[in-house]
Amino acid sequence: MAVQAPQPPAHRVALVAFPGIRAFDVSVITEVWGTDRTDRGAPSFDLRRVAVDSTPVPMRGGLALHPDRTLTWLSRADLIVIPGLDDHLTPAPTPVLDALRRAHARGTTLAALCGGAFTLAQAGLLDGRRAITHWNLIDLLRTHHPRVNVVPDALFIEDDNIWTAAGTAAGIDLCLHLVRRTHGAEAAATIARSMVTAPFRTGTQAQFIEHPTPRADRDADTLAAVREHALRHLHEPLTVADLAAYAGMSPRSFARHFTAATGTTPLRWLLDQRIATAQKLLERTDLPMPEIARRAGFGSEVTMRQHFASRLATSPRAYRAAFSTPAPAPGTGAPDSTSVTGGSSPIAR
């Protein structure tokens with residue numbers, strides 16, 4: 001009888017709750033870390049709703065969150081997530097602020113969604129650090145917390161193991177990113193598929209895109225076709241000029257329209273897709289490094305290693321050691337390594 005390998009301990013995640021937190025953010029946190037997807041190969045999570053005491057926490061719309069742990073549980077958490085607020089100037093209870101300070105001093109990762117940055121700022125944890133919030137709240141955060149280095153436009157950023165995110169959908173992006181950096185790209189993709197959301201948007205993308213005009217709609221259709229073409233030919237030495245030619249535009253016009261439509265530059269998008277493809281190949285296959293570099297379009301293992309170091313702060317070999325999964329048995333219907341492509345759908349931003 002085969003002996004099963006021991007399962008790694010569940011990743012412990014704490015959702016910090018107090019009156020005034022947004023129900024949407026609570027739902028996002030719960031959907032990402034509170035749903036059991038181990039039957040689909042996702043990691044095991046232990047999500048706890050943590051508050052000052054066991055009193056139900058009221059939320060807008062007649063909802064209430066019932067805590068299952070008090071603040072003492074934060075000392076056991078691997079990750080602490082703070083939801084946004086309905087009223088962004090809502091004062092957090094002093095015990096919550098004290099507990100967040102102690103958690104950061106211990107080295108625990110902290111993450112705030114949307115207006116949750118105001119809670120971290122109240123605790124003084126963002127003083128002198130870079131942070132982001134919803135674009136419509138940037139001036140408010142600067143006014144009430146002038147010591148925070150507020151970044152004007154990003155989806156999410158990190159400073160000293162403290163993560164902050166922009167509004168609404170960017171909170172989903174940050175949650176999936178935190179899964180990706182701890183458990184690998186395939187784990188994040190599994191959760192994203194379950195949620196029917198884009199598995200990969202980088203934190204440096206613009207927060208929002210202006211309302212499209214009919215001309216912009218036509219450009220978006222063209223650019224979607226370009227992105228699909230690029231994903232199907234990542235193994236080739238594509239350049240921005242190549243993509244512009246495929247779109248029938250000049251490189252300068254193409255870059256302008258691409259950035260307006262996606263919130264990121266063509267070069268950064270292309271590099272993101274190459275890295276995502278390499279991550280999946282490292283996780284799913286035992287292909288040698290030069291072959292992975294070729295399939296992902298880096299050209300050489302040296303170039304791939306350089307981009308992994310600058311973007312992921314690790315090497316391809318260390319990434320494979322941390323996140324590789326056993327090859328599927330024949331006939332299981334698992335994806336073949338030759339079918340692995342980029343991290344986003346061709347039409348997803």
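1. Helix 5 is largely enclosed by the rest of the structure, because 11 of its 15 residues are buried (buried means under 20% relative accessible area, with a 1.4 Å probe and protein chains only). The buried residues are A170, G171, I172, D173, L174, C175, L176, H177, L178, V179 and R180. Helices here are DSSP runs of H or I with at least four residues, strands are runs of E with at least two, and both are numbered from the N terminus.

2. A word on where this comes from: the model is predicted, so local features need pLDDT of at least 70 and side-chain atom pairs count only at pLDDT 80 or more, while totals for chains, interfaces and linings use all residues. Residues are numbered from 1 along each chain as its sequence is written, and side-chain values use heavy atoms, with hydrogens and water left out.

3. Now for the length check. Helix 5 covers residues 169-183, and at 1.5 Å a residue it should span 21 Å, which agrees with its end C-alpha atoms being 21 Å apart (the expected span is 1.5 Å times one less than the number of residues). Just after helix 5 comes G184, with a positive phi of about 100°.

4. Have a look at the partner helix too. Helix 1 (residues 23-33) packs against helix 5 at an angle of about 25°, and their axes are 10 Å apart (axes are lines fitted to C-alpha atoms over the stretch in contact, and angles run from 0 to 180 degrees between N-to-C directions). That makes the two helices roughly parallel, a label for angles under 35 degrees.

5. Which residues make the contact between them? Helix 1 brings F24, V28, V32 and W33, and helix 5 brings G171, I172, C175, L178 and V179 (contact means heavy atoms within 4.5 Å). By class, that is eight nonpolar, one polar and no charged residues; Ala, Val, Leu, Ile, Met, Phe, Trp, Tyr, Cys and Pro count as nonpolar, Asp, Glu, Lys and Arg as charged, and the others, Gly among them, as polar.

6. Over to V50, which sits in strand 2 (residues 45-51). Buried or exposed? V50 counts as buried, because its relative accessibility is 0%. Beyond its neighbours within four places in sequence, V50 touches several residues, including A14, V16, L71 and W73. V50 and V96 are 46 residues apart in sequence, and their C-alpha atoms are 9.6 Å apart in space.

7. Finally, the whole chain: it has 13 helices and 11 strands, and 48% of its 349 residues count as buried.

Terms used: Buried means under 20% relative accessible area, exposed over 50%, partly exposed in between (1.4 Å probe, protein chains only). Angles under 35 degrees count as roughly parallel, over 145 as roughly antiparallel, 65 to 115 as roughly perpendicular and the rest as oblique.
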